[in-house]
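Please take a moment to look over the sequence and the model shown below, and then follow the paragraphs that come after it step by step.

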Amino acid sequence: MTETIIDVGQRHIRDINQDMQAAAARGEAMRVINTLSRHNLGVGLPDAAHLSFEGSVGYYCGGLNTGARIEIERNCGWALGEGMAKGHITVGGYAGMSCGAAMIGGTIHVKGNAGPRCGVAMKGGNIVVEGKIGYQSGFMAHAGKIIALGGAGASCADALWQGEVWVAGDVESLGVDVDVIEPTAEEVAEVDAILDPLGLVDSSRNWRKMVSGQRLWFFESRDANAWLMI
Amino acid sequence: MCGIAGRILSTPGTVGRDLVNLMDAQKHRGADSTGFAVYTAPRDTGYVLRGMGFDKNKLDHDLDDVQHLLKQNGGDLLGDPVILTDANKHYCFRLEISDPKDLTAWVRDADTLCDRIEIQSCGRSLEIIKDIGGAEEVANKHGVRDMIGSHGLGHARLATESSVLPNASHPFWARPFSDVAIVHNGQITDYFTQRDRLRRQGYQFLTENDSELIAVWVSDQMQAGLTMEQALKKSITSIDGVFTFMIATQDGIGFAKDRFAMKPLVVIDQAGDLAAATEEQAVRRVFAEESDVINHDGPSLFGIWGVGNRSLAA
């Protein structure tokens, strides 16, 4: 496959993203250089696009992805892959706040740690973090799985809907309305099936699977006891 | 959604230029006004005042009154005022003064003129420059790029809690504490109550901006005996709202973040040569090469970066 070099620098982001769309339409892979942690790179890319970013990127990289395969060599800023529907994003280092916010499909793989509210309001797909997920990760996740191999920060899985947070390692504290349950062998096998293509299966892990306690789902504001939960 | 920045040079240099670059990269975070707090070479005696008058037609009269009050307090102007005027009604000034007998008393007297003229910084080293417009515009008007110093702060303001006025811009000086300045990204929700308490202690607030509170609050805590680090830690549980703020003194820059991890802070620290900002793309304007970035994304964080020292960030 032909590879196109895209130089970011201080060019207008709209021009850069149009170059990416054009290269994707021609079926060319892209290597993006001189990224300077700029925002909004690689947003709305179509299926079959393949990009690798040299260095770090800023906010919203890979947002609204509809199938592209994106690799980021180092770190990314807030809201990586926000609203993505399909595709695969790999981050070599740290992923900033709200990684995978409101995503509905696809996979995000973070090799370092992820910041606070990882997977906030996600509605599908999977986020795999090899390190630790930050404060309040999984907040109000509707569906999908957040899988952290290196522990979790405080207020983990706060106010979940039907999403799941899986953690191997220490959890600083649980959020509101979280139940920690022992996963079945079938459920662990499902998670391993997600980890397997990433080469991350380890049968010795002690998983904590966090799901909603469903007590907030039916919150009755006139019930004084309900407020004690918060 | 304001943008803030801090810069510490390992040896004094073009801190003004770097702060302009840091804020130009964050101009989209606040188009209402831009400001800079620059710590220039400290003087042994005397202060530099930066400020603003609200009607340039009364400029001579205003400055005469400032000088009169200064003389009454045992000080005087050193040299001619530097005045900046443009198409706006307000004007900006820079004065060098000798030491008044009691700085606090003089500031209190000068603040009696605050319906016409406002002292916006007073320091042996600190100079605050702020005005309406973006980083380029403010920098060009005030010559910020040419300012040489050891460290400083920058701010791009998206007005939320108070009016779009040049004097409601950041940074804020912690009046009457010389050489203390603050920039803030966020909203303080209990500022009216906190400000009222500090007013009853005798402090003056000249704007309705919530951020002016933080500068005085931290300084007051330090006056009461806390170290800056202790005051910053206490601010996280004592001040209500969402915030990331940076506070600077002649010795360095401190920061604190709220309990909810709502506002970002990104730092590159290369052995004391440090840039901090709301967005990573801003610090990359100073350190263009890929380097280790510290993301202070978590809740309840605080720390201090000393001038000439390595990071002590928590």
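Which strands of chain B does helix α6 of chain B lie across? In this predicted model, helix α6, made of residues 210–223 of chain B, lies across β9, β10 and β11 of chain B, and it runs at about 125 degrees to β10(B).

Five strands of chain B form an open sheet in the order β9-β10-β11-β12-β16, and their pairing is antiparallel. Because β9 (172–173) and β16 (302–306) of chain B stand at the edges, each with a single partner strand, one side of each is left without a neighbour in the sheet. Strands of a sheet pair through backbone hydrogen bonds, either parallel or antiparallel. Here, strand β10 (residues 181–188) and strand β11 (residues 241–249) of chain B pair in the antiparallel sense over 8 bridges, and Asn185(B) stands opposite Thr244(B) in β11(B). Helix α7 (residues 228–238) of chain B also lies across strands of this sheet, namely β11, β12 (252–257) and β16 of chain B, and its direction is at about 150 degrees to that of β16(B).

Chain B also contains an open sheet of 4 strands, which has the order β4-β5-β3-β6 and antiparallel pairing. Its edge strands are β4 (82–84) and β6 (117–123) of chain B, each of which pairs on one side only, and neighbouring strands of this sheet are turned by 20 degrees against each other on average, direction ignored. Within the sheet, 7 bridges join strand β3 (residues 47–53) to strand β5 (residues 91–97) of chain B, and the bridge partner of Val48(B) in β5(B) is Glu96(B). Helix α3 (residues 103–110) of chain B packs on this sheet, where it touches β3, β5 and β6 of chain B and makes about 160 degrees with the direction of β6(B).

We can now turn to the place where the two chains meet. The contact takes 23 residues from chain B and 20 residues from chain A, and the chains bury about 1,500 Å² between them, 46% of it on carbon and sulfur atoms. In chain B, Gln281(B), Glu290(B) and Asp297(B) lose the most area to chain A, together 33% of what that side buries. The rule finds 2 salt bridges across this interface, and the side chains of Glu290(B) and Arg74(A) meet in a salt bridge at 2.9 Å, N to O. Helix α8 (residues 280–286) of chain B gives the most to the side of chain B that touches chain A, with 4 residues, and by class that side has 7 nonpolar, 6 polar and 10 charged residues.

Notes
Residues are numbered from 1 along each chain as its sequence is written. Chains are lettered from A and ligands numbered from 1 in the order in which they are written. This is a predicted model: local features need pLDDT of at least 70, side-chain atom pairs count only at pLDDT 80 or more; totals for chains, interfaces and linings use all residues. Side-chain values use heavy atoms; hydrogens and water are left out. Two strands pair if DSSP finds at least two bridges between them. Helices (H or I, at least four residues) and strands (E, at least two) are DSSP runs, numbered from the N terminus. Contact means heavy atoms within 4.5 Å. Axes are lines fitted to C-alpha atoms, for helices over the stretch in contact, and angles run from 0 to 180 degrees between N-to-C directions. Buried area is the accessible area (1.4 Å probe) that two parts lose on being put together, summed over both. A salt bridge is a side-chain nitrogen of Lys or Arg within 4 Å of a carboxyl oxygen of Asp or Glu. Ala, Val, Leu, Ile, Met, Phe, Trp, Tyr, Cys and Pro count as nonpolar, Asp, Glu, Lys and Arg as charged, and the others, Gly among them, as polar.
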